[in-house]
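Here is a brief report on aromatic pairs, charges over rings and nonpolar cores. Please read it beside the model.

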Amino acid sequence: MQKIIAANWKMHKTRPEAAQFAAQIAQELAKGTPEGRLALIFPPYTDIATVADAFAGVTNLAVGGQNFYPAENGAFTGEISPAMLRDAGAVWALVGHSERRHVFGESDELIARKTAFGLEQGFKVMLCVGETLDERESGQLKAVLSRQLSTAITPLDPKDRARLSDRLVIAYEPVWAIGTGKVAGPDEIVEAHGVVRSFLRDLVGGNADEMPILYGGSVKPANASTILGLDNVDGLLVGGASLEAASFLAILRA
């Protein structure tokens, strides 16, 4: 299974800054991408076309959108449609990031609508799931992950669910480890990813073991290799450490 190393830039980088970063990444990876690795960038909306243009013609580089509204068009001031993402060069879409859930108050039901619509529109979708510190400490890990996964996947047509292995990626991100400098320990990551894998087997059936599960939460060059070596870790979703090209390249090559 190809390892996916994804960068979530969040609300960082102007177009000149994005162009400089993307050109450096493309130049380095044009020399040779680490075998079995996909580098995926989720820039702000305004940077998607800039990054996509820089990545054109370089293999194993892809661009996605951090968010979208689940409608083709309409009176949704400030929102972005999947068609707009595609026009800018995005082929991936990020759904359910903890900041969308906990800062902007997106419900499991809205995230389910986005997941279904993104897949319907032909995107590869990265669905984020994860628990807060209170939820983990109160023994709710399995309940939270089950709710988030089942709400998003169960409404999908059973025939579609059987073909999700190359279209839907799960990113496990413990909310308490995002941007805090804290990292879930190896045992905690293995436990959570094992829970996710088990639920996927129940929800999608036979191809569940082929669906990538990424870890996100204060990933850095120093811990990337260790995390990637754990069971059921098929890639990384990187935040702050993805904002510098050298740092992101180090993680990509970990």
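## Aromatic rings and nonpolar cores

Tyr-172 is buried, with a relative accessible area of 0%. Buried means under 20% relative accessible area, exposed over 50%, and partly exposed in between (1.4 Å probe, protein chains only). Tyr-215 also counts as buried, at 0% relative accessibility.

This is a predicted model, in which local features need pLDDT of at least 70, side-chain atom pairs count only at pLDDT 80 or more, and totals for chains, interfaces and linings use all residues. Residues are numbered from 1 along each chain as its sequence is written, and side-chain values use heavy atoms, with hydrogens and water left out.

Rings of Phe, Tyr and Trp (its six-membered ring) pair if their centres lie within 6.5 Å; planes under 30 degrees apart count as stacked, over 60 as edge-to-face and the rest as tilted. The count comes to 4 aromatic pairs. Two of them are tabulated here.

| Pair | Centre to centre | Angle between planes | Class |
|---|---|---|---|
| Trp-9 and Phe-21 | 4.9 Å | 80° | edge-to-face |
| Tyr-172 and Tyr-215 | 6.3 Å | 45° | tilted |

Tyr-172 lies in strand S6 (residues 168–172) and Tyr-215 in strand S7 (residues 213–216), so this pair ties together parts 43 residues apart in sequence. Helices (H or I, at least four residues) and strands (E, at least two) are DSSP runs, numbered from the N terminus.

Trp-9 sits in the loop between strand S1 (3–8) and helix H1 (15–30), while Phe-21 is in helix H1, 12 residues apart. Both Trp-9 and Phe-21 are buried. Together with Phe-248 they form one aromatic cluster.

Charges also sit over rings (NZ of Lys or CZ of Arg within 6 Å of the ring centre and within 35 degrees of the ring normal). The charged end of Lys-13 is over the ring of Trp-9, 5.3 Å from its centre. Arg-100 lies over the face of Phe-104, at 4.2 Å from the ring centre.

A nonpolar core is a set of buried Ala, Val, Leu, Ile, Met, Phe, Trp, Tyr and Cys residues joined through side-chain atoms within 4.5 Å. The largest has 71 residues; Leu-149, Ile-153 and Leu-236 touch the most other members. Helix H9 (residues 186–204) gives the largest share of this core, 8 residues. Apart from it lies another core, of 14 residues, including Ala-6, Ala-62, Leu-94 and Leu-237.

Beyond its neighbours within four places in sequence, Leu-149 is in contact (heavy atoms within 4.5 Å) with residues including Leu-127, Val-129, Ile-170 and Phe-199.
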